[in-house]
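The structure comes before the details.

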Amino acid sequence: MSERKNPYEMIGGTAKIEELVDRFYDLMALEEHFEALRTIHPQDLSSSREKLKLFLSGWLGGPDIYSPKHGHPMLRARHLPFKIGIKERNQWLACMYRAMEDCGIDKQIGAQLEESFFNTADWMRNQPN
C-alpha cells in the first residue's frame, strides 16, 4: 500500500516552493498587467518572498517554518492594512497560476492548488467591490 502524499511532497518540496515563489514575484515585478498587485507590496520584495516561501511550506503540508519565526500567520489580519479587492485578488491568482505553469507544477495538483489559492485569496478581500 502506497503512502498518500501531501501537496508539499507532490509539487517537489522546498526547492519547488522556492522556484514557485521566486517566479511569482518576478512576474509581479516585471509584468505590467500585475501593476495593481505590485503597488501594494514594498519596493524591496525580499521579505515578501521569504515569508511566502515559509508560509507555503506549512500551508502545503510540509514543515511549519513560518510560525516559529513570525508567529501565527493570521493571514487576513496581517493583510488588512492593504486594500485588497477583486482586482488585486484576481491579479494575485493570475500571477500565481502563471508561476505554477512556468514552474511545471503537475496539472492535477495544480488544479487542486488553484481551488485552494482561490478560496484563500477571496477570503483576503477587504474591499466591497
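D22 has a relative accessible area of 25% and is partly exposed, a class lying between buried (under 20% relative accessible area) and exposed (over 50%), with a 1.4 Å probe and protein chains only. The model is predicted: local features need pLDDT of at least 70, side-chain atom pairs count only at pLDDT 80 or more, and totals for chains, interfaces and linings use all residues. Residues are numbered from 1 along each chain as its sequence is written, and side-chain values use heavy atoms, without hydrogens and water.

**Salt bridges overall**
- The whole structure holds 10 salt bridges, each defined as a side-chain nitrogen of Lys or Arg within 4 Å of a carboxyl oxygen of Asp or Glu.
- One network of salt bridges links D22, D26, R49 and K53.

**R49 and D22**
- R49 forms a salt bridge with D22 at 3.2 Å, N to O.
- The pair joins helix α4 (residues 46-59), which holds R49, to helix α2 (residues 13-30), which holds D22, across 27 residues; helices are DSSP runs of H or I with at least four residues, numbered from the N terminus.
- R49 is buried, at 18% relative accessibility.

**R23 and D102**
- A salt bridge of 2.9 Å, N to O, connects R23 and D102.
- R23 lies in helix α2 and D102 in helix α7 (residues 86-102), 79 residues apart.
- R23 is partly exposed at 26% relative accessibility, and D102 is partly exposed at 37%.

**R98 and E31**
- R98 and E31 form a salt bridge at 3.8 Å, N to O.
- R98 is partly exposed, with a relative accessible area of 30%.
- E31 is partly exposed at 26% relative accessibility.

How values were computed:
Helix = DSSP H or I, 4+ residues; strand = E, 2+ residues; numbered from the N terminus.
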